[in-house]
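Open the model in your viewer and keep the selection panel at hand. The tour goes stop by stop.

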Amino acid sequence: MQQQPASSVSRRDLLSLIGTVAGSAAMYHAMTSLGFATESAYKGPIKLNGDPKGASVLILGAGLAGMTAAFELRKAGYKVEVLEFNDRPGGRNWTLRGGDTFTELGGAKQTCEFENGLYINPGPWRIPYHHHAVLDYCKRFGVALEPFIQLNHNALLHSTNGFDGQPQRIREVKTDFQGQVSELLAKATQQGKLDDAVSKEDKEILLQALKAWGALDANYAYKANLISGDFRGFARDPGGGLGAAPTPGIPLALSDILKSQLWRNLQNFALYEFQTTMFQPVGGMDMIGKAFAKEVGSLIKYNAKVIRIQQNERGVTVTYQDGNGPAAPQQAKADWCICTIPLPVLSQIETDVGARLKAAIDAVPYAASIKVGLQFKRRFWEEDEAIYGGISYTNLPIRQISYPSTAYNHSGRGVLLGAYLYGGPNSYEFTAMTPRQRVEHAVEYGSRLHPQYKAEFENGISVAWHRVPFTLGCAASWNDKMRQEHYDNLCQMDGRIVLAGEHASYLPAWMEGAILSSLDAISRLHERVVKA
Ligand SMILES: Cc1cc2nc3c(=O)[nH]c(=O)nc-3n(C[C@H](O)[C@H](O)[C@H](O)COP(=O)(O)OP(=O)(O)OC[C@H]3O[C@@H](n4cnc5c(N)ncnc54)[C@H](O)[C@@H]3O)c2cc1C
């Protein structure tokens, strides 16, 4: 779901190194084995054939995994009850709008001050076109989607290590990098240095391809001219009437692109999970959670904090604190239990499961992640800079600025994502800050990409996921060794209890993973019930 921790060799850095050294095929294989890039296995609505004979199921958590299970199991004839910690459905599928409040671990309470109609998605915000399950439930439940802009050629790439700290346009970095690499390759080809690797027949075609792909001139050179201008844009755009001819801009030097490392960011648009077309629900990501709740809301008990999970041969007993009810803990009973509580929370709940499952629950760390939403007096990124949607990347701790993929060209206020940190030391640093400090840092750092920030800023809100009481982290952060040791144990049924959620999938940190894991868990549970 996310990219670029600040330092140390992260999985993403490792992938990027593999990609650089060994090429894209090697990278695809590496990504697949690390849990990325696998296409969703969703094959259409699940069919749970067979009579559950009045069996009852208690579902813990009303995120997408929990509500998928509730929806499908009730349809199959089960008696279903859901216990949910929050006073709303959706879990991480969550949107903050003006008037919403959020109290993080440590007690800091924020009230969102956004203008009516503006919002930020502190958790999930984009849906790849190949996340078939999410898209199918959206279709079935009538959730309207619109494009999420991942790549905007006119957004910025910024590094403190190059171009005197001045942000560069993605279209310029991309075209100039591609053009100069093509020129080098064309030179090597013409000098016969690739003769061992490229046949005589292919050599001519390769040169033609490099000319087209790299915007080279007739001499296979990449220059400031109208050929490169057609891709990178112009110093002065073509106009109408007298003196309207376009003027080409000067390409960025290859050495500057290399040293600044801006080329690294280009991967954020090429990776399978970030390729066009991506989607977002119209009006906020929580439209998905709300649509699920329209179907299964009557089954959910909100403000119910699970504190103990017991099982024996006859059934499951779950003890919970009812935020709206009596002070004494309450109990709910059922034949079976599907537990979707995130692992950092679950590992602190006394649960009657075998040693293997318990070890798996305790083993998986969750990534640190922070998002900061900022409201500005006007949409200056559109008005002054013609940036309509998309993401600017920076090596500053805020990592990225994402412009809203909606309400383009409107006058008036706007909200953008002013920081999205994921892993790395800066994430821990931001998590340790007060919400106000996070917002202040986002404004300070962001002003280095957009000088308008300080004059136009109005208010902001931040969510640091390790301080979110209902997850205690962003998402499961598996590695190969952990998967080998614990993944199957985490997913196996343990007596009458089975776990589901993004953590029990090969698509961690994606809503698709939550839904697929839930469908898998309920299929296995149903098989056992029907056979019994
Ligand atoms: C910063 C961030 C960015 C992301 N970006 C994307 C994205 O762009 N696209 C995408 O598809 N996915 C993204 N994800 C991942 C996505 O949000 C999750 O994979 C998915 O929402 C998880 O669903 P779930 O049902 O497994 O868990 P959750 O949504 O966490 O549901 C678990 C539920 O259990 C409840 N619970 C917790 N403790 C208790 C308790 N003691 N008693 C009762 N209930 C309890 C919680 O309140 C919650 O409702 C992102 C996540 C984050 C945090």
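Predicted model: local features only at pLDDT ≥ 70, side-chain atom pairs only at ≥ 80, totals over all residues.

Residues are numbered from 1 along each chain as its sequence is written.

**Domains.** Colour domain 1 (49-89 + 289-364 + 478-531), domain 2 (96-154 + 277-284 + 367-467) and domain 3 (169-259). These bounds come from an automatic or database domain assignment. The centres of domain 1 and domain 3, taken over C-alpha atoms, are 55 Å apart.

**Ligand shell.** Select the 42 residues around the ligand; Gly-61, Gly-63, Gly-91, Pro-124 and Gly-501 come nearest. A residue is near if its C-beta atom, placed from the backbone, lies within 6 Å. Domains 1 and 2 both give residues to this shell, so the ligand shell lies between them. Now show α3 (64-75), β15 (304-311), β20 (369-376) and α18 (511-531): each supplies at least two shell residues. α18 gives the largest share, four residues. Helices (H or I, at least four residues) and strands (E, at least two) are DSSP runs, numbered from the N terminus.

**Helix pair.** Move to α5 (residues 170-190) and α6 (residues 200-214). Their axes come within 9 Å and cross at roughly 160°. Axes are lines fitted to C-alpha atoms, for helices over the stretch in contact, and angles run from 0 to 180 degrees between N-to-C directions. The two helices are therefore roughly antiparallel (over 145 degrees).

Conventions: Parallel < 35°, antiparallel > 145°, perpendicular 65-115°, else oblique.
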